[in-house]
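Biologist: Please take me through this structure, chain by chain and then across the contact between the chains.

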Amino acid sequence: MTTHPILAALRKHKAGVVLIALQIALTLAIVCNAIFIIGQRIERVHRVTGIDESNLFLVTQQWVGAPDGDDAAGVAKLDNMQREDLAALRNLPDVASVAPINSLPLLNSSWNGAISLKPGSEMRKGGNTRTTFYFGDEQMLSTLGVRLVAGRAFTVADVQHRSMHDQTEPTVVIVTKPIADKLFPGGSAVGKAMYLDGSTVPTTIIGVIERLQVPGTGSWTNTFAYNATLEPLRIDANYSRYVVRAKPGRMEAAMKAMPSLLYKINPMRVLDDDSVKSFADIRAAAYRADVGMAILMGVVCLVLLGVTAAGIVGLTSFWVGQRHRQIGVRRALGARKIDILHYFQIENLMIAGAGALIGVALAVGLNAWLMKHFEMDRIPVVYVLVGLVALVALGQAAVFVPARRASNVSPIEATRAV
Amino acid sequence: MFAYYLDLALRSLRRNKVFTVLMVVCVGLGIGASMTMITVVHVMSDDPLPERSGQLYYPHIDPWPAPHGRSTNPHASDNLTLPDAMNLLRAGRAPGQAAMSGAAISIHSEQPNAQPLLETGHYVTADFFSMFGVPFRAGGGWTHADDERHARVIALSSALNRMLFGDSPGIGRTVRVGDEDFRVIGVLDDWHPQPMFYADVNGRAFGRSDAFFLPLQTALDLKLDFRGSLSCHGDGGDDRTTDRCTWLQFWVKLENPKQVSAYMQFLADYWRQQQAHGRFPQSVDPKLYRLMDWLAYKNVVPGDVRLQLWLALGFLGVCMVDIVGLLLAKFLRRSNEISVRRALGARRGQVFLQFGIESAVIGVLGGVLGLAIAELGLWSVRQRPDGYAQLASMDVSMLMGTFLLAIGGSVLAGLLPAWRACRIAPAIQLKAH
């Protein structure tokens, strides 16, 4: 079949043609970018934290009337209270292990700094390695379930304790592999010295763990999402956090027992509804907005495709009705049903193809605009191409019903007046 | 005439129900989606203090060293260091100024065995209450003298007052904050400016309200717990008192342009003076943000919400193109009827009006559906746990806006089809018969 008569016919329906093409172009532009956003959010949500997330929960509590950590006596007292808690928690039958900790991946409460290979370097200057800090004792690694790939874990002898405001840097730390690789590319980081937060006193790396995500989930942490430094340290402050690994299947019981147990050890503290949180809840809270956005985008895409399909069906039906007589004439002159069907399908292919090509340009333009005004990356070509194929296919599917009706027009129509 | 066209429109809509439903659903979905998001953005970008916001300014001076790396928190310099805040406060160059910081404390009444409550509030200085027009149910704020002598006084929200003392205001009574006794000197009326503009608004500006206020200097003195981000540069720790850590918010009240320019001059002079002491290494560039500009600068409406608004508007655009196409098909399908009417003497304007009214009817129906969808959308927004979720509901102006948008959109969408319809020549159509 030649396309010439189709083009000639389309020239008679400029408005309708332009509308369908425009609609396909807009839909393509929006759907491509929306699906790209969905893909990015899904990728974000599925980032691994590096810890063993099952059976893990976090306890946060605040002391009441505790000494401030400004003098040695106060620090010692706070540390005693914390150790008392730890001992009691470790004795629980449902608990596998416990460690004091300052934060967890995805908790969005973090202590960040920088590492340099030179002493006393200005933290803000370029060339330093950004990192987040996790403080905990000798059970931190085993409780979190992170994998040590080189060196050794902390021992009881490594563990120090100090007040929140004491800026003494630790003598030994464990770092994640991304930090080790960046500081000592090609070589082993274990046993090497480096300087934390512009300090002039060196700190030795004693171990390297495979992976541990930072607590922050905002886009500002993207540049150092897996740069974590672990210090063998209990922070003595007027609050404390314990990460608890329950025995398999016993997590709910262990979580339930937590508040009353803690109050029994020492009633002078405050726990609220958020004080005992499973890691699953922490993860859900961190990514709630991303999941919500992905679902919303998905729903809008589906409805948008539906609306576009309905528009194509509507306009094509009208054209079929309008050309009833012409179709009858063609049929009477020998055109087969399949020829009529193909006519409308090719017509739609031409309109949708033109619209989709415009849509590709619009999609790239929209992506550029989004990159300028929102936190967006450049859309990969594959998304646009898939969108193009999808919309052309949508056009073909939508045109099928009216086109089939057209192909069923009887040749006798040619003889009727109207 | 109008009634007749309306009758014609309804007849025509009844004739092809599938088509009509399709168009109404299309308008409804587009309007519903965009009104949901317009309402959310509207309530989020509302003025938290409509009567006062024009006179409230946030001074921005940047003590950070010059090359801000890309990875550093870009908002580190939005807050002030304690020495800078105190210098601006004591200089007193504006009719009102206050420094403040987020607070988290455990508080309980003086009764023995009272269970302590974990509450969040703000540590502020004296002008806070008069500058922001904080309403008091009983008592009031404190004075500059109280600030200077680190008075142990506290103002409570009515909710916290009720928890501690029941229904009557506990003025003059004592509450224990940590280990210290504080005297209650004021109980607030309901006061929940949304967004909570005076807080460190990075990210979470909605859905919070303060349970108490107590003097900033007292809190520093007693080393109470602060809340909010603390960003430090250089070496030497994160002591709140140093001039290398930014963490305080600062607001000034300026009543006229003359005071504004005078204060700008003062900030520039302060910057230069600090440079003479070896601080503020960047070139002198102080800023004064008006309250609403400050909220815009701080992106109080999160990127995701703005993105959703644009998505909804894009969706509305596609729906409108769809409607234009469907109306075109619908109107031109009736070419015979039109040409008969034209042959019988109807003028073009009348045909145009007839189809305009038909579009408007679809708009009204779509508006009703859109309103229902928008209410459903807002209901689902309210189920979200985000802070702004509770604010998401329509007021009268939004309700009217929905209908105007629906009818306006449909009439606009009907313009091209109606114009095409009214240009149908009477003769040619009749000849075909």
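Modeller: The model is predicted, so local features need pLDDT of at least 70 and side-chain atom pairs count only at pLDDT 80 or more, while totals for chains, interfaces and linings use all residues. Residues are numbered from 1 along each chain as its sequence is written, and chains are lettered from A, with ligands numbered from 1, in the order in which they are written.

Biologist: How many helices and strands does chain B have?

Modeller: Helices (H or I, at least four residues) and strands (E, at least two) are DSSP runs, numbered from the N terminus. Counted in this way, chain B has 14 helices and 13 strands.

Biologist: What is the radius of gyration of chain B?

Modeller: The radius of gyration is taken over C-alpha atoms, and the globule rule is 2.2 Å times the number of residues to the power 0.38. The C-alpha trace of chain B spans about 100 × 55 × 40 Å along its principal axes. For 433 residues the globule rule gives 22 Å, and chain B is more spread out than a compact globule because its value is well over that, at 30 Å.

Biologist: What percentage of the residues of chain B count as buried?

Modeller: A residue is buried if 20 or more other C-beta atoms lie within 10 Å of its own, exposed if 12 or fewer, and partly exposed in between, with C-beta atoms placed from the backbone. Of the 433 residues of chain B, the share that counts as buried is 44%.

Biologist: How far apart are the centres of the two domains of chain B, domain 1 and domain 2?

Modeller: Domain bounds come from an automatic or database domain assignment. For chain B this gives domain 1 (2-45 + 302-431) and domain 2 (53-297). Taken over C-alpha atoms, their centres are separated by 49 Å.

Biologist: How many residues of domain 1 of chain B are in contact with domain 2 of chain B?

Modeller: Two residues are in contact if their C-beta atoms, placed from the backbone, lie within 7 Å. By this criterion, domain 2 of chain B contributes five residues, and domain 1 of chain B likewise contributes five.

Biologist: And in chain A, what distance lies between the centres of domain 1 and domain 2?

Modeller: In chain A the assignment gives domain 1 (4-45 + 287-415) and domain 2 (65-267). The C-alpha centres of these two domains of chain A lie apart by 55 Å.

Biologist: Is B:Phe280 buried or exposed?

Modeller: B:Phe280 lies in the loop between helix H8 (257-276) and strand S13 (287-290) of chain B. Its phi is near 45°, a positive value in a residue other than glycine. With 23 C-beta neighbours inside 10 Å, B:Phe280 counts as buried.

Biologist: Which residues is B:Val284 in contact with, leaving aside its neighbours within four places in sequence?

Modeller: B:Val284 is also in the loop between H8 and S13 of chain B. It has 15 C-beta neighbours inside 10 Å and therefore counts as partly exposed. Leaving aside neighbours within four places in sequence, B:Val284 is in contact with B:Ala268, B:Trp271 and B:Arg272.

Biologist: What is the phi of B:Asn299?

Modeller: B:Asn299 is found in the loop between helix H9 (291-297) and H10 of chain B. With 14 C-beta neighbours inside 10 Å, B:Asn299 counts as partly exposed. Although B:Asn299 is not a glycine, its phi is positive, at about 50°.

Biologist: Where is the residue B:Pro195, and what is the omega of the peptide bond from B:Gln194?

Modeller: B:Pro195 is found in the loop between strand S7 (180-188) and strand S8 (212-215) of chain B. The peptide bond from B:Gln194 to B:Pro195 is cis, with omega near -5°.

Biologist: Which helix gives the largest share of the side of chain B that touches chain A?

Modeller: The contact takes 51 residues from chain A and 47 residues from chain B. On the side of chain B, the elements that give two or more residues are helix H2 (17-44), H10 and helix H13 (396-422). The largest share, 18 residues, comes from H10(B).

Biologist: At what angle do helix H7 of chain A and helix H10 of chain B pack?

Modeller: Axes are lines fitted to C-alpha atoms, for helices over the stretch in contact, and angles run from 0 to 180 degrees between N-to-C directions. Helix H7 (residues 279-322) of chain A and helix H10 (residues 303-333) of chain B have their axes 9 Å apart, and the angle between them is about 10°.
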